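Please look at the two chains below.

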Amino acid sequence: MNIEPIVNGIVIDHITAGKGAELYSLLGLDRLDVPVALIRNVPSKRLGKKDIIKIDAELPVDFDVIGYVDPGATVNIIRDGKTAEKRTMELPEILTDVIKCRNPRCITSTEQELKHVFRLADREKREYRCIYCETKAE
Amino acid sequence: MRNVIDILDLSTQEIDSLIETALDIIDDPAKYSDICRGKKLATLFFEPSTRTRMSFEAAMYELGGNVLSMASAASSSAAKGESVADTAKVISCYADIIAMRHPKEGAALVAANNASIPVINAGDGGHCHPTQTLADLLTIKREKGTLSGLTVGICGDLKFGRTVHSLINAMSRYEGTRFVLISPEELRVPDYVIDESIVRKGIPYTETADLDAAMPELDILYMTRIQRERFFNEEDYLRLKDSYILTADRMKNAGPQMIVMHPLPRVNEISVAVDDDERACYFKQVLNGKYMRMALILMLLGEAGKLSGPAVPRMIQL
């Protein structure tokens, strides 16, 4: 399978196989009006297989979302056909409007346009808690 | 702007200072009787409450200040659909400090993030109730002489009880604390509270359903009410509501040093006969709550630069 190399854009590489679609959705890539490729189950020496996302435009990307979904992913910024910047991800301390608080007693369930904000409570367990009610993210 | 949403917003040093101020107020109330003249406390209570609201209002009056109060949530703009954020912005134009109770967890944080004056959380659903904990800490200090080295038994609804989580957070910071958590299986302390506030700090604790067996070793027995309003299911409430009732007879299991505390209101979990026992301290908590709220109002108004004069205690001029 061949996909044209990107001249200016973003490649999200080393995505754990199966997580590409979730990332595609959470990053809102379905709403972009530029060429985007989600390639699944690509053979990988390190991971066995992996997913890759290629975006044919240099757009602002929410690295927190990538870090939350798959901290093992890498992001390559491509300029003039070359890798201009390579970033490794980590779990973000704060997640804003990435996941929703499901606690019906939480103020986020009623307050108009209130952002859903979670803090990293336990890095080892990858556990996030709502900053308003402390309910664990599902 | 400094706010108090959670008891952990206050360091142990600040709590020591608040206790010091409260004790000074008790010793010499006249010194403080005019210190907040011209200042206004807005009490925003979106959930029924008598004692906490009146405690805040009494506290502000005894400091010489004034109170702006809404009669009930039903008569406020919230009933028309106004957001907490907008309410906080509007009230900031009228008052110098806000005390707020709201049925939704996290509502006080939303208010604090939007107000331009200090916000005190007077209870946000089942989440936090820091001024109750301040009342508890002053009571423990006055009755036991220390906040360290105590075995604290907490009994009843440990799942939904906001005072319970705040008390655990507060006492877990003092050396030598040990917790005995007494509840039915369904109302145990949530795992995250045990993990974050007890286990990670290496604090010894036990969980049990047996109040009688636990009592002899306790320095403090903190009773709580099984709260009807926290249950979605009436059947569960009816099944659990009489799990623990402290009677005069049961008090025989306790040592002479054990004090009984309760955030009130009680329903039937402490028999009225226990009120005459000199170890019963729950009505003292009510009075102590007013003094600690006075101290807290002074601290926050002082830090906001809204107080001046020779009577302002040293701690709030920091």
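B:Ser183 sits in the loop that joins strand E6 (178-182) to helix H7 (191-199) of chain B; helices (H or I, at least four residues) and strands (E, at least two) are DSSP runs numbered from the N terminus. The model is predicted, so local features need pLDDT of at least 70 and side-chain atom pairs count only at pLDDT 80 or more, while totals for chains, interfaces and linings use all residues. Residues are numbered from 1 along each chain as its sequence is written, chains are lettered from A and ligands numbered from 1 in the order in which they are written, and side-chain values use heavy atoms, without hydrogens and water.

With a relative accessible area of 5%, B:Ser183 is buried (under 20%; exposed is over 50% and partly exposed in between, with a 1.4 Å probe and protein chains only). Apart from its neighbours within four places in sequence, B:Ser183 is in contact with B:Gly156, B:Leu158, B:Arg188, B:Thr208, B:Ala209 and B:Tyr244, where contact means heavy atoms within 4.5 Å.

Further along chain B, helix H10 covers residues 282-303. Its 22 residues should span 32 Å, and the end C-alpha atoms are 31 Å apart, which agrees; the expected span is 1.5 Å times one less than the number of residues. Of these 22 residues, 17 are buried, so H10(B) is largely enclosed by the rest of the structure. After H10(B) comes B:Gly305, with a positive phi near 75°.

Two aromatic pairs are counted over all chains; the rings of Phe, Tyr and Trp (its six-membered ring) pair if their centres lie within 6.5 Å, and planes under 30 degrees apart are stacked, over 60 edge-to-face and the rest tilted. A:Tyr68 and A:Tyr128 form an edge-to-face pair, because their ring centres are 5.3 Å apart and their planes stand at 85°. This pair links distant parts of chain A, 60 residues apart: A:Tyr68 belongs to helix H2 (residues 63-69) and A:Tyr128 to strand E8 (residues 127-130). A:Tyr68 counts as buried at 15% relative accessibility, and A:Tyr128 is buried at 2%.

A:Arg87 lies over the face of A:Phe63, 4.0 Å from the ring centre; this requires NZ of Lys or CZ of Arg within 6 Å of the centre and within 35 degrees of the ring normal. In chain B, B:Arg293 lies over the face of B:Phe56 at 5.1 Å.

Where the chains meet, 18 residues of chain A are in contact with 20 residues of chain B. Four salt bridges are counted between them (a side-chain nitrogen of Lys or Arg within 4 Å of a carboxyl oxygen of Asp or Glu), and B:Arg200 and A:Asp122 meet in a salt bridge at 3.2 Å, N to O.
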